[in-house]
Amino acid sequence: MKGRLHSIETFGAVDGPGIRTVFFMQGCPARCLYCHNPDSWENGGGRDIDIEEVVHWAVRGVPYYGKEGGVTFSGGEPLVQGEFLIEAMTALKKENIGSALDISGTYVDQFTRDAIAACDLVLLDIKHSDPERFEIITGRKQDTLYEIIEMINELDKPSWIRHVVVPDINDTEEDIQALNRFIAPIRNVKKVELLGYHTMAVDKYGKLGIVYRLKGVPPMDGARLQELRKLVRLPQA
């Protein structure tokens, strides 16, 4: 079986616990306002990758993973290639390498539940708790996010919640309190991360001929982000 790959990052330190090999998979149905990989949107982009190559790259990192590290499948939206992910994570498990899925909550198909079941950790990026703002940010309905949360709960799958904070979009105390209420029903949440919006992808949009819709929005202020982080509450078990 072959998948479509955007890129590989070795020694990743921000896409899950420990040191990780990160496979950025090609294809995404969402068009998030602040996406930093717009060249990963089209399903036919990138290049082919097979299970053997995934295992090859993953095994190379074993000396550095320690007890917490492993592989993360990100994107794009990796669940677009759910069938490939299931086979890849099954192969990695045979090598005693753990897998995480970094997903946006914008896509569900017949392979999604089995893909979530096969991973060891879900990194669930919640774009916004409000359904209208969620659709403005992603171009997608919020229904799939609820479906994925239901699967996570049914499987009791460990998860990290990630939330990008953007000035004038979701940077108020009320926004973070709403996020706390939204994630409260999610079981087995190990961590909640607030990530600051940045503008590092702006030049990429220009080169691709894509309009950057947040032009003029400044990067998230670090001090303000730290204040908001103090408001985050882990769901009670």
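## Basis of the description

Helices (DSSP H or I, at least four residues) and strands (DSSP E, at least two) are DSSP runs, numbered from the N terminus. The model is predicted, so that local features need pLDDT of at least 70 and side-chain atom pairs count only at pLDDT 80 or more, while totals for chains, interfaces and linings use all residues. Residues are numbered from 1 along each chain as its sequence is written, and side-chain values use heavy atoms, with hydrogens and water left out.

## Overall form

The protein chain has nine helices and eight strands. Its radius of gyration, taken over C-alpha atoms, is 17 Å, which agrees with the value near 18 Å that a compact globule of 237 residues would have under the rule of 2.2 Å times the number of residues to the power 0.38. Along the principal axes, the C-alpha atoms of the protein chain fill a box of roughly 45 × 45 × 35 Å. Contact here means heavy atoms within 4.5 Å, and of the contacts in the protein chain with a separation of 6 or more, 74% are accounted for by residues 24 or more positions apart.

Of the 237 residues of the protein chain, 51% count as buried, where buried means under 20% relative accessible area, exposed over 50%, and partly exposed in between (1.4 Å probe, protein chains only). The protein chain exposes about 11,400 Å², of which carbon and sulfur atoms supply 51%; these areas come from the Shrake-Rupley method with a 1.4 Å probe. The mean positions of the 28 positive and 35 negative charges of the protein chain are 3 Å apart, with Lys and Arg counted as positive, Asp and Glu as negative, and His and the chain ends not counted. Each charge is placed at NZ of Lys, CZ of Arg, CG of Asp or CD of Glu.

## The nonpolar core and its surroundings

A nonpolar core is a set of buried Ala, Val, Leu, Ile, Met, Phe, Trp, Tyr and Cys residues joined through side-chain atoms within 4.5 Å. The largest such core has 64 residues, and those with the most contacts inside it are Tyr34, Phe73, Leu101, Leu124 and Ile126. Helix H3 (residues 82-94) gives the most to this core, with six residues. In soluble globular proteins, nonpolar side chains tend to be buried together.

Ser99 is buried, with a relative accessible area of 2%, and beyond its neighbours within four places in sequence the contacts of Ser99 include Arg20, Val71, Cys119, Asp120 and Leu121.

In H7 (173-183), the buried residues are Asp175, Ile176, Ala178, Leu179, Asn180, Phe182 and Ile183. What covers them includes helix H5 (131-138), helix H6 (143-155), S7, strand S8 (189-196) and helix H9 (222-229). Asn180, at 10% relative accessibility, counts as buried; not counting residues up to four places away in sequence, Asn180 touches Leu231, Val232 and Arg233. The C-alpha atoms of Asn180 and Pro235, 55 residues apart along the chain, are separated by 7.6 Å.

The loop between strand S7 (159-165) and H7 contains Pro167 as well as Asp168. Pro167 counts as buried at 12% relative accessibility, and leaving aside its neighbours within four places in sequence, Pro167 is in contact with Tyr197, Val217, Pro218, Pro219 and Met220. Pro167 and Arg224 are 57 residues apart in sequence and 9.8 Å apart in space, C-alpha to C-alpha. Asp168, by contrast, counts as exposed at 75% relative accessibility, and phi of Asp168 is near 70°, a positive value in a residue other than glycine.

## Further backbone features

A cis peptide bond, with omega of about 15°, joins Gly75 and Gly76, and Gly76 is found in the loop between strand S4 (70-74) and H3. In the loop between H3 and S5 lies Asn96, which has a positive phi of about 60° although it is not a glycine, and which counts as exposed at 73% relative accessibility.
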